[in-house]
Amino acid sequence: MPFSQPPSPLAPSLVRMRRPWGVPLTGAVAVGLLLALGMSEAPEAEYARFAAFVAAVMTLVLSVQAFRFARLADPIPTAVSQAIPDELGPPLQEALEALPDPVMVIGAHEPDDIVGRRIAFANTAARELFRIQRDGALLVTAVRDPEVLEATDEALFGGVDRSAAYETGGAQDRFWRAWARPLPPAPDGGRQALLYLRDETDSRRMERMRADFLANASHELRTPLASLAGFIETLRGHARDDARARDRFLGIMAAQADRMGRLIADLLSLSRIELNEHVPPSGAVDLALAATDVADALCPIAQEKGARIDLRLPDGERAPVIGDRDQIIQVIQNLVDNALKYSPAGAAVEVEVLADVGLDQAQAPREKGAPRMTLLSPDRTEDVRYALVRVRDHGPGVPRQALPRLTERFYRVEGQKSGERSGTGLGLAIVKHVMNRHRGGLLVESAAGHGAAFTAYFPRAEVAVEAVAPETSARPDAAPRTLDGPRNKTVTQAS
């Protein structure tokens, strides 16, 4: 019976009276004294009988209170503990549903019945992770990892605690630690076990990021550091008084130092993106406005090379997507910057934005006869629309055999040079990881001697355009236009 009254001030002392005979023995002595005095004829016996009567009553009250508090202080009996889930079932289930980690209760009857392991209960996180449609579904249809299934069997029929590492597939890799714990038998006599998963993606990514950063930095920084050390030694030696050689060496040293700075910046950027790659962004960005800003920023570079940026925007110049604005800017800038590096003088870099396409349309080939490679594909989801940006150059193109390796770190196509503005070899790797975080896709179409076209598509944001880019109405060039001034860029509308 639940205890609804406030505890007595004597509760601490009564709870400490653990011996069952303490208070009743005191009461028996008081009752015996009362009976003895009742047979006495002395005058002072009246006061003694009254005192003994009060003592007996107080002893009885204290005995009852001590019994109640002793029941509260003792561990809950087995019969009562088995009844608690029935009484507290709904609140306990709501608490499990609110947990951010996947929790499941697995039931089984026979050890040899492998397909008899069923999910008796799964909270919201477990249903979303394993796409469980209903309670009672087969465990093997949700979890296919042999180590997790083996740990569950040992908890069910071996009565032991087990843990296992678990990695989910899909476009975004996630790492989990699964724990299996035995539970009391079900009312029908079947075995039960608790399967709990904890997300360890952050710690795993941190370890991988640290190892990759050290490996990449030590490998790529070795050459410029050796070059700087050699030139410094030369300037301190026989070239000390040679002004012409000193100026040439100092220029080379400045270029190497600048390359090291860009390399470290790209490595840090890639590490930060990889660390949060499994966490999708939640903001809304206008892809058309982002492409316009990138074209504005890179127009001086195109002008120096004698090239131009042709920008095709959708009607209204608005293409809202779900994403992080800085990272989307980074994707478009890396693609356009690569196109400018490999474009010959006088050529055009075409940047096209489409506001609303399906997945099949986003992945459809657009360069007739050109080899095509999907570098990243999102998990197919019903009713998801996309907005895409496509960047095409008219440079040397990429051979077919090199297409699968374009997003590898530090990979460069053999025999191709990007001119004076050499890169770090991390641009497309950064693009791929950003697109993976945004649950988008990336593909390339290229043929040797005919340029290359990269397409990046993002899930479309179904929000009001004012919430995406409220500043567009204040921009003087927000309407369909051809930009004038020193920027060598043309803007047209895509139908």
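Predicted model: local features only at pLDDT ≥ 70, side-chain atom pairs only at ≥ 80, totals over all residues.
Trainee: How do you know that the span of helix H12 agrees with its number of residues?

Mentor: H12 has 19 residues, 287-305. At 1.5 Å a residue, the helix should span 27 Å. Its end C-alpha atoms are 26 Å apart, which agrees.

Trainee: Where in H12 is there a kink?

Mentor: The kink lies at Leu298, shortly before the proline Pro300. The angle is about 45°. That bend is taken between axes fitted to the seven residues ending there and the seven starting there.

Trainee: What makes Asp286 a cap for H12?

Mentor: A side-chain oxygen of Asp286 lies 3.1 Å from the backbone nitrogen of Ala288. A polar contact needs N or O atoms within 3.5 Å. So the pair is inside that cut-off. Asp286 caps the N-terminal end. Just after H12, Gly306 takes a positive phi of about 80°.

Trainee: Which residues of H12 are called buried?

Mentor: Among them are Leu287, Val294, Leu298 and Cys299. The word means under 20% relative accessible area.

Trainee: What is the order of strands in the open sheet?

Mentor: The order of its 5 strands is E2-E1-E5-E4-E3, with antiparallel pairing.

Trainee: Why do E2 and E3 stand at the edges?

Mentor: Strand E2 (118-122) and strand E3 (162-168) each have a single partner strand, so one side of each is left without a neighbour in the sheet. On average, neighbouring strands here are turned by 30° against each other, direction ignored.

Trainee: How do you know that E1 and E5 pair?

Mentor: Pairing takes at least two bridges. Strands E1 (residues 103-108) and E5 (residues 191-199) are joined by 6, so they pair. They run antiparallel. Val105 has Leu194 in E5 as its bridge partner.

Trainee: In which sense do E7 and E9 pair?

Mentor: They pair in the parallel sense, over 5 bridges. Leu311 stands opposite Val351 in E9.

Trainee: What makes strand E7 "mostly covered"?

Mentor: Count its residues. In E7 (residues 308-314), 5 of the 7 are buried.

Trainee: What makes the pair of His433 and Glu277 a polar contact?

Mentor: The two side chains come to 2.9 Å. His433 is found in helix H15 (residues 427-437).

Trainee: Which residues does His433 touch?

Mentor: Leaving out residues up to four places away in sequence, His433 touches Leu270, Ile273, Glu274 and Glu277. Touching here means heavy atoms within 4.5 Å.

Note on methods:
Residues numbered from 1 in each chain as written. Heavy atoms only, no water. Helix = DSSP H or I, 4+ residues; strand = E, 2+ residues; numbered from the N terminus. Expected span 1.5 Å × (residues − 1). Buried < 20%, exposed > 50% of the residue type's maximum accessible area, 1.4 Å probe, protein only. Polar contact = N/O pair within 3.5 Å; in protein donor to acceptor, adjacent residues only side chain to side chain. Axes fitted to C-alpha atoms, helices over the stretch in contact; angles between N-to-C directions.
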